[in-house]
Amino acid sequence: MAELESPSGTLPPIPGDLTLAQFILDSQHPSRPARTHNVPWIIEDHTGVARGLDEASLTFGLANGLNIRFNIILVFSPNHLDYLVVVWATHRLGAIMSGANPSFTPAELAYQVQATKTSVLVTHPDVLPVALSAAQVAKLPADRIILLDGASSEPTQKPYPSVQHLIDQGLSSRATFRERKLNPGEGKTKVAFLNFSSGTTGRPKAVAIPHYAPIANVIQLATHYKVNENYTRWEDQKFRPGDICSAVLPLYHIYGMVFNAHYIFFCGMTTILTTTRFNFLDHLRSIMKYRITHLMLVPPQVVMFCKHPAVSQYDFSHVRYITCGAAPLSWESMNKLVEVFPNASMGQCYGTTESCTVITSFPVDKQRDLSGSAGQILPGITARIEKTDGTLAHFDEPGELVVKTPSLALGYAGNPEATRETFVNGWLRTGDEVKMNRNGELFELIKVKGLQVAPAELEGCILDHPDVEDTCVVSIPDEYSGELPLAFVVLRPEAARRTKERPGAGNEIKRSIAKHVADNKAPYKQLAGGVEFIDSIPKNPSGKLLRRLLRDNARRVRSKL
């Protein structure tokens with residue numbers, strides 16, 4: 001039966017009395033290599049500004065400069081050189097951090113502010129108007145808004161203090177705060193992050209992630225990849241002090257925060273942080289300029305590496321490691337990637353917000369994993385594959401992935417019902433359909449896009465359209481995005497009559513529905529998969545949408561086109 005403990009190593013001790021800031025900035029660990037002298041932690045891509053050991057002092061300065069009592073700080077910003085300073089200062093103060101997608105509309109941001117009971121909103125000048133609108137809706141006082149430094153200098157920004165001003169103020173003053181020290185084992189219950197996830201159903205939910213979880217995941221990754229061990233020639237070791245990793249992934253997302261930032265710092269490497277809107281041509285130049293050795297990608301970027309004509313102008317032979325997560329890649333795409341990066345070890349990884357990131361990553365002893373596997377389960381994880389009747393599937397038989405991991409979140413904050421459904425007796429029900437072989441390698445059978453999109457959230461929006469009576473959103477495969485949302489819609493009787501009586505009315509209604517979603521949701525949540533009319537939505541006796549029936553039907557139809 002398909003239940004297996006990870007075969008990729010035994011976990012060393014995981015400290016349970018440290019905050020994430022203390023673990024990454026102040027402490028040492030047997031798995032952690034010594035950082036090479038004068039190797040910076042972060043370099044801002046477009047300016048070349050570098051940060052090194054001053055990260056710790058800046059973090060102290062901001063914690064000292066805030067000099068207020070609060071519970072939740074929400075960061076609404078694209079990547080920024082001070083983003084992690086805000087995170088670590090929040091943890092120094094014993095508070096909780098939540099990150100929001102900078103493409104959110106005011107309504108979406110207000111929802112997160114209200115759901116987390118945000119006390120302080122740190123935002124970038126470029127998205128300040130959205131932040132102000134959301135704060136007004138959520139009744140967050142204007143004096144609780146703080147600005148990250150940006151190129152813009154609009155007059156409306158003057159009343160708001162900046163992060164840099166607070167750092168300067170804090171560094172020039174005596175200590176006015178007492179850093180939060182955890183009791184033994186408290187790291188397992190003290191919440192560090194409220195990261196939002198769709199879970200398996202419903203609107204986005206606040207995942208309560210304790211300090212112990214990201215610390216455990218960093219150590220799991222280090223053990224899996226034998227960091228600080230002489231397991232092979234130095235040239236062939238996958239993560240080494242002094243290596244350089246590109247960071248284009250957003251820090252508000254758990255993939256970027258844990259794998260692309262904290263794990264890289266733990267390994268003694270440098271992160272090249274992209275703080276401007278992602279531009280593929282700029283990214284190519286950055287890889288060459290900084291001699292980037294490690295790339296952590298998502299499928300749209302892989303597709304561009306495989307298809308963009310500019311790629312052939314560059315020699316990427318210095319790139320040593322590539323991994324892709326967020327949605328499964330085809331065998332064909334991985335093989336094309338090998339042609340672009342001939343010397344890189346590469347494979348895929350898989351994780352969730354609820355598991356505080358990585359559950360699987362390609363094995364350390366494989367130079368390239370082109371099998372389509374999402375990787376091997378990390379040390380300390382037990383995985384099982386369950387069939388719909390609750391029994392265990394056999395190896396290589398499809399079923400739902402259910403895992404037990406030390407990096408597990410506590411549950412969904414303020415949502416005990418959803419917590420009971422997803423976190424069951426110490427196990428995480430991922431909701432993802434996979435197969436697992438006897439080596440603990442997973443083969444993912446499709447996931448909802450790179451950034452999680454809750455079908456029920458889109459359904460709620462679509463149902464507000466005046467022509468819609470009922471709807472069900474499913475995913476269809478897409479080479480660029482992994483998957484795209486497609487909406488099956490039951491029209492109201494009057495709208496259905498219009499489609500029969502007037503040519504072109506149906507297409508007008510479809511465009512109107514798509515525009516309605518585009519006007520009310522972030523760009524990545526739009527109905528890029530299209531709108532299809534249907535007579536009725538299949539449901540079980542309790543009213544649950546039989547989403548899989550429609551999804552399978554949509555894929556069959558699209559495959560014939």
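## Helices α4 and α5

Pro106, Leu109, Ala110, Val113 and Gln114 of α4 are in contact with α5. On the α5 side, the partners are Val130, Ala131, Ser133, Ala134, Val137 and Ala138. By residue class, this contact holds 9 nonpolar and 2 polar residues, and no charged ones. The model is predicted.

Helix α4 covers residues 106-116, and helix α5 covers residues 128-138. Their axes come within 8 Å of each other. They cross at roughly 50°. The crossing of the two helices is right-handed.

## The sheet β23-β24-β25

An open sheet is built from 3 strands. Their order is β23-β24-β25, and the pairing is mixed. Strands β23 (468-478) and β25 (531-533) lie at the edges. Each of these edge strands pairs on one side only. From one strand to the next, the twist averages 30°.

Strands β23 and β24 run antiparallel and are joined by 10 bridges. Strand β24 spans residues 482-491. Within this pairing, Val474 stands opposite Leu486 of β24. Helix α15 (residues 505-520) packs on the sheet. It touches β23, β24 and β25. The direction of α15 makes about 135° with that of β25.

Is strand β15, residues 357-361, buried or exposed? In β15, 5 of the 5 residues are buried, so the strand is largely enclosed by the rest of the structure. Buried here stands for under 20% relative accessible area.

Strand β15 pairs with β14 (residues 345-352). These two strands run antiparallel, with 4 bridges between them. Thr352 stands opposite Thr357 of β15. Strands β14 and β15 form a hairpin with 4 residues between the strands. In that hairpin, Cys356 takes a positive phi near 50°.

Strand β15 also pairs with β16 (residues 375-377). The two are antiparallel and share 2 bridges. Here the bridge partner of Ser361 is Gln376 in β16.

## Recap

Another is the mixed sheet β23-β24-β25, with α15 packed on it.

Technical notes. Residues are numbered from 1 along each chain as its sequence is written. This is a predicted model: local features need pLDDT of at least 70, side-chain atom pairs count only at pLDDT 80 or more; totals for chains, interfaces and linings use all residues. Side-chain values use heavy atoms; hydrogens and water are left out. Axes are lines fitted to C-alpha atoms, for helices over the stretch in contact, and angles run from 0 to 180 degrees between N-to-C directions. A crossing is left-handed if the near helix is turned anticlockwise from the far one by less than a right angle, and right-handed if clockwise. Contact means heavy atoms within 4.5 Å. Ala, Val, Leu, Ile, Met, Phe, Trp, Tyr, Cys and Pro count as nonpolar, Asp, Glu, Lys and Arg as charged, and the others, Gly among them, as polar. Two strands pair if DSSP finds at least two bridges between them. Buried means under 20% relative accessible area, exposed over 50%, partly exposed in between (1.4 Å probe, protein chains only).
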